[in-house]
Amino acid sequence: MSLGRKLLVLFLVHSLAVSVSVSDAADVSQETLTTLGRFIVPSYRTNNAYTLVKVGSPLLKKLNDEQLKAVNERLEQEQLPSLVHMLGEARLELAIQGVTAGVPASNSSEIKLLLPVWAEELKDVIDPANVPENLRREAELPFEISELEKELWDLHVYSNRLIGMQNAAEYAYKMFDKSRSPNQENPFKPIVDGLLTQFHELQQRNYDLRSRRVVTAVEVLSDEQAKFPHRLEAANAIKEDSTVLNKVFEAVDTKKLDNPILVLESREELSEIMEKSLAMHAHVIEKGQLLFGGIHWWIRGRYGMGTSFNGLIKNFAASKNHAARFPLYMPHTTPIASDPFLQLEGKYQTPYVQRRHAVVWAWENESRLADNRVPIIVKSDYFY
């Protein structure tokens, strides 16, 4: 399970214990088998990284080499990766989410086992070829507000991916430092530095796109013949972009923009047209913000996915950490809402689940369900 796809998971109606008899596993204790069956396997299959680390880390520390080999053989029988691989992925997943409270610390022995997993997961993240062509700094800027909105959304998606990878790389970097020998180079440093460079380039692209959109939005708002939906879109854009750009201007000393947009030669000129537009079209801007703000929260509620139980619920850390309540997995391409009961070619059009509360209730009452497993492979194009 690679970090890139995140949500290729096995959805279970009822999770069974690892099918290993006690007689087959004389080298593995019954307690270990029970832990695998009740916690490790279900947590991995439902993408519950928090529980996997909380239970898996203490388990790994108790196993000797022969016992670990035996455990991995049992997991292989279930067509699952090794315990070390599961734990390595789970720790990186929690690092991506920024979850630290209540997570067991790694000792040097565990870190040495997990380092190869982290190196494999992070080896390609700074490849320049991974940056989409339309997001590179030298790519031509579009003119239409709808095109600029799509570019900014793609940028947002990729930037979030970079932030997650940066969290993971910094975590691996720190863990390596805890266990490395004197004068041993940290292999994760080039990855951390490369991600910072990529993020800086994307930020510059973000400022270019927003500067262009400000100019375009002002033109639309000034056109009395423009249709009202287009004016609402422009009004929301100029409010959003002016907020972002003004923060940038406050933090930058130079008066010149890094890459002047269109006829604009300085940040003062851009600031002036933003200020005038915000004052002249305040009533339209307020309506635009209410409309698009409402749409944003509706999309989060309808299509957002949590980090546990195949996305149906949030991580346990969200119950204790306010910051952990906000992040969700969101679709790269925003789905178009449709009748959830309308079928096309035998499949429901509404993505994911029709009503998540019904599925959560079924999961909470799993003891009442039939004692069998129904594997459904879910390939999802979501980002965190």
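Q: Where does Ser 43 lie?
A: Ser 43 lies in helix α1, where helices (H or I, at least four residues) are DSSP runs numbered from the N terminus. This is a predicted model, in which local features need pLDDT of at least 70, side-chain atom pairs count only at pLDDT 80 or more, and totals for chains, interfaces and linings use all residues. Residues are numbered from 1 along each chain as its sequence is written, and side-chain values use heavy atoms, with hydrogens and water left out.

Q: Is Ser 43 buried or exposed?
A: Ser 43 is buried, with a relative accessible area of 5%; buried means under 20% relative accessible area, exposed over 50%, and partly exposed in between, using a 1.4 Å probe and protein chains only.

Q: And which residues does Ser 43 touch?
A: Leaving aside residues up to four places away in sequence, Ser 43 touches Asn 48, Thr 51 and Leu 52, where contact means heavy atoms within 4.5 Å.

Q: Changing topic, how many salt bridges does a search of the whole structure find?
A: The search finds 15 salt bridges, each being a side-chain nitrogen of Lys or Arg within 4 Å of a carboxyl oxygen of Asp or Glu.

Q: What does Lys 62 meet in a salt bridge?
A: The side chain of Lys 62 meets that of Glu 31, at 3.7 Å from N to O. Lys 62 lies in helix α2 (residues 49-62) and Glu 31 in helix α1 (residues 30-45), so this pair ties together parts that are 31 residues apart in sequence.

Q: Are those two buried or exposed?
A: Lys 62 is exposed, and Glu 31 is exposed as well.

Q: What about Arg 210, which residue does its side chain meet in a salt bridge?
A: The side chain of Arg 210 meets that of Asp 241 at 2.5 Å, N to O. This pair links distant parts of the chain, since Arg 210 is in helix α7 (residues 189-222) and Asp 241 is in helix α8 (residues 228-251), 31 residues apart.

Q: Is Asp 241 buried or exposed?
A: Asp 241 is buried, with a relative accessible area of 0%, and Arg 210 also counts as buried, at 11% relative accessibility.

Q: Which residues are linked with them in a network of salt bridges?
A: The network links Arg 210 and Asp 241 with Glu 149, Arg 213 and Glu 240.

Q: And what does Asp 177 meet in a salt bridge?
A: The side chain of Asp 177 meets that of Arg 180 at 3.1 Å, N to O. Asp 177 is partly exposed, with a relative accessible area of 31%, and Arg 180 counts as partly exposed at 36% relative accessibility.

Conventions. Helix = DSSP H or I, 4+ residues; strand = E, 2+ residues; numbered from the N terminus.
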